[in-house]
Amino acid sequence: QLQLVESGGGLVQPGGSLRLSCAASGFTLDYYAIGWFRQAPGKEREGVSCIARSGSSTNYPDSVKGRFTISRDTAKNAVYLQMNSLKPEDTAVYYCAAARYEFPYCPDDYVDLPFDFWGQGTQVTVSS
């Protein structure tokens, strides 16, 4: 079964940190660009990071730049999202997704890539 599974969400105080994981099973992530997205209640889904298949190119929106870091571990077939200095407005369900993308960079419009696989999501709540 081909799937992505996120983990690592939870409740954290403002200013705290969380590390989300995205593990793939049934296929290798080597040929995919990986995106992290989030969706808060009543809001549209928002892309929060992208990492190219090479791992050397990443992309972030201004809302998380400098606070979030995406990385990938080829040996573990997984991608991670380190989130620091969390704010209440970061509260959302976070999803990882995989897009078959041959180029070694994440374009600025990475949210429009053909993401074929999606995880089930993990809840992140930032509150005191």
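Reply: **The disulfides and their surroundings**

C50 and C106 are joined by a disulfide, S to S 2.0 Å. The term stands for a pair of cysteine sulfur atoms within 2.5 Å. The torsion about this S-S bond is -75°, and the link of C50 and C106 is left-handed. It connects distant parts of the chain, 56 residues apart: C50 sits in strand β5 (residues 46–51), C106 in the loop between β9 and β10 (115–118). Strands are DSSP runs (E, at least two residues), numbered from the N terminus. Both C50 and C106 are buried. Buried means under 20% relative accessible area, exposed over 50%, partly exposed in between (1.4 Å probe, protein chains only).

The model is predicted: local features need pLDDT of at least 70, side-chain atom pairs count only at pLDDT 80 or more, and totals for chains, interfaces and linings use all residues. Residues are numbered from 1 along each chain as its sequence is written, and side-chain values use heavy atoms, with hydrogens and water left out.

There are 2 disulfides in the structure. C22 is bonded to C96, S to S 2.1 Å. This disulfide is right-handed, because the torsion about the S-S bond of C22 and C96 is about 70°. C22 belongs to strand β3 (residues 18–25) and C96 to strand β9 (residues 92–100), so the pair ties together parts 74 residues apart in sequence. C22 and C96 are both buried. With the bonded cysteines numbered in sequence order, the pairing is 1-3, 2-4.

Next, the cores. The largest nonpolar core has 29 residues. L4, W36, F68, L81, M83 and Y94 have the most contacts inside it. Elements giving two or more residues to this core are β3, β4 (32–39), β5, β7 (68–73), β8 (78–83), β9 and β11 (122–126). A second, separate core has 11 residues, including A52, A99, Y101 and C106. A nonpolar core is a set of buried Ala, Val, Leu, Ile, Met, Phe, Trp, Tyr and Cys residues joined through side-chain atoms within 4.5 Å.

Beyond its neighbours within four places in sequence, its contacts include C22, C96, F27, L29, F117 and W118. Contact means heavy atoms within 4.5 Å.

β3 leads on to a sheet. Four strands form an open, antiparallel sheet in the order β1-β3-β8-β7. β1 and β7 are at the edges with a single partner strand each, so one side of each has no neighbour in the sheet. On average, neighbouring strands are turned by 15° against each other, direction ignored. Such angles use axes fitted to C-alpha atoms and run from 0 to 180 degrees between N-to-C directions.

β1 and β3 run antiparallel, joined by 5 bridges. Two strands pair if DSSP finds at least two bridges between them. S7 stands opposite S21 in β3. T69 faces Q82 in β8. β7 and β8 make a hairpin with 4 residues between them, and N77 in the turn has a positive phi of about 55°. The covered face of β7 carries F68, I70 and R72; the uncovered one carries T69, S71 and D73. In a regular strand the side chains alternate between the two faces of the sheet.
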